[in-house]
Amino acid sequence: MELEESPKQQYSDKEKSNIFNNEFMPHINSMYNFAYRLTLDQDDSKDLVQDTYLKAYRFIDSFQQGTNAKAWLFRILKNSFINDYRKKSKEPSKVDYQEVESYYNSEEVDRQITPDLRVEALKDMIGDEISNALNSLDVDFRTVIILCDLEGFKYDEMAKILDIPIGTVRSRLHRARNLLKEKLSEYAKQMGYKNA
Amino acid sequence: MSNPDQNQMKQECQNQRECMEMLQLIVDGEASPEQKEHFLVHHLEECMPCYKNYHLEVAIRQLLKNKCTGQAPQELIDSIKAKVISNLAP
């Protein structure tokens, strides 16, 4: 996974081209979607994806064939986002995880574990409600939902992509989903669902 | 999973916290076959809150997948390929 730490391969130009086209490029739609959901800006997301792919190409000798190319690419994209975009963006400061973890471990979480959101209300959300709800979450919460629910990464893969322990992946996911449900439940109320 | 008789089901879950954690493992594909069997086949049949929560979680994930994915613009794909091919050129 690490760009710098992995044992170096020595690929020929033909092998590089094969890896790039057959293992990296097939993930372009997922990568673009991830970049767009992180930056929430079309131009920034194009730049971020392009930077990531060029970086992946430049460091292709650090990629071991047979390992998970998608996770490798996602990690590069996430790091590029943090280094190059997050600094300049006007996002509010990141969530204090100490606080989040203690919230997660408190009794309060049991009481309001799920807003009373109903499946029927979700079925009527045929517009941008879910997308807006996802985009409204703090970027760290948004990220775990994208990785898990949209891209199907396993917890251990997410832990590597995000450089956090698996326990944090789980608690962050749990909290992110509750926040998403709260948001969806607000929309459901606006749509006229009582007690949604 | 069948459609259980809702009147026969428990209206309160005694293990809500553990169940929510188990539910998350199951929808994320991280639960063992035994855990899945116990929760999906036995517990959901008798516990109304968990039955509802499970279907809600599944519906949200479906909605996310249908509404929050997209395609990369072709110009972006072309531009990346062009830059990498020019890098490969001798």
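A polar contact is a pair of N or O atoms within 3.5 Å. That cut-off applies to the first view below, and the model shown throughout is predicted.

**View 1. The start and end of helix 9 in chain A.** At the start of this helix, a side-chain oxygen of Asp138(A) reaches to within 3.0 Å of the backbone nitrogen of Asp140(A). Helix 9 of chain A spans residues 139-150. Gly152(A) follows the helix, and its phi is positive, near 70°.

**View 2. The cover over helix 9 in chain A.** Helix 9 is mostly covered, with 12 of its 12 residues buried. Among them are Val139(A), Phe141(A), Val144(A), Ile145(A), Ile146(A) and Leu147(A). The buried residues also include Asp140(A), Arg142(A) and Asp149(A).

View 3. The whole structure holds eight aromatic pairs over all chains. Phe20(A) and Phe24(A) form an edge-to-face pair. Their rings lie 5.8 Å apart, centre to centre, with 70° between the planes. The two residues are four apart in helix 1 (residues 13-24) of chain A, so about one helical turn separates them. Both Phe20(A) and Phe24(A) are buried.

**View 4. A stacked pair across two helices of chain A.** Phe34(A) and Phe74(A) are stacked, 4.8 Å centre to centre and 15° between the planes. Phe34(A) belongs to helix 2 (residues 28-39) and Phe74(A) to helix 4 (residues 69-86), so the pair ties together parts that are 40 residues apart in sequence. Phe34(A) counts as buried, at 0% relative accessibility. Phe74(A) also counts as buried, at 0% relative accessibility.

**View 5. An aromatic cluster in chain A.** Phe20(A) and Phe24(A) belong to one aromatic cluster. Tyr53(A), Tyr57(A), Phe63(A) and Trp72(A) are also in this cluster.

**View 6. The contact between chain B and chain A.** Chain B brings 37 residues to the contact, and chain A brings 47 residues. Together the chains bury about 3,900 Å², 61% of it on carbon and sulfur atoms.

View 7. Four salt bridges run between chain B and chain A. One of them joins Arg177(A) to Asp28(B), with the closest N and O atoms 2.7 Å apart.

**View 8. The side of chain B that touches chain A.** Helix 1 (16-27), helix 3 (48-67) and helix 4 (74-88) of chain B each supply at least two residues to this side. Helix 3 gives the most, with 11 residues. The residues of this side divide into 16 nonpolar, 10 polar and 11 charged.

Methods:
Residues numbered from 1 in each chain as written. Chains lettered and ligands numbered in written order. Predicted model: local features only at pLDDT ≥ 70, side-chain atom pairs only at ≥ 80, totals over all residues. Heavy atoms only, no water. Contact = heavy atoms within 4.5 Å. Buried area = accessible area lost by both parts, 1.4 Å probe. Salt bridge = Lys/Arg side-chain N within 4 Å of Asp/Glu carboxyl O. Nonpolar A, V, L, I, M, F, W, Y, C, P; charged D, E, K, R; others polar. Buried < 20%, exposed > 50% of the residue type's maximum accessible area, 1.4 Å probe, protein only. Polar contact = N/O pair within 3.5 Å; in protein donor to acceptor, adjacent residues only side chain to side chain. Phe/Tyr/Trp six-rings, centres within 6.5 Å; stacked < 30°, edge-to-face > 60°.
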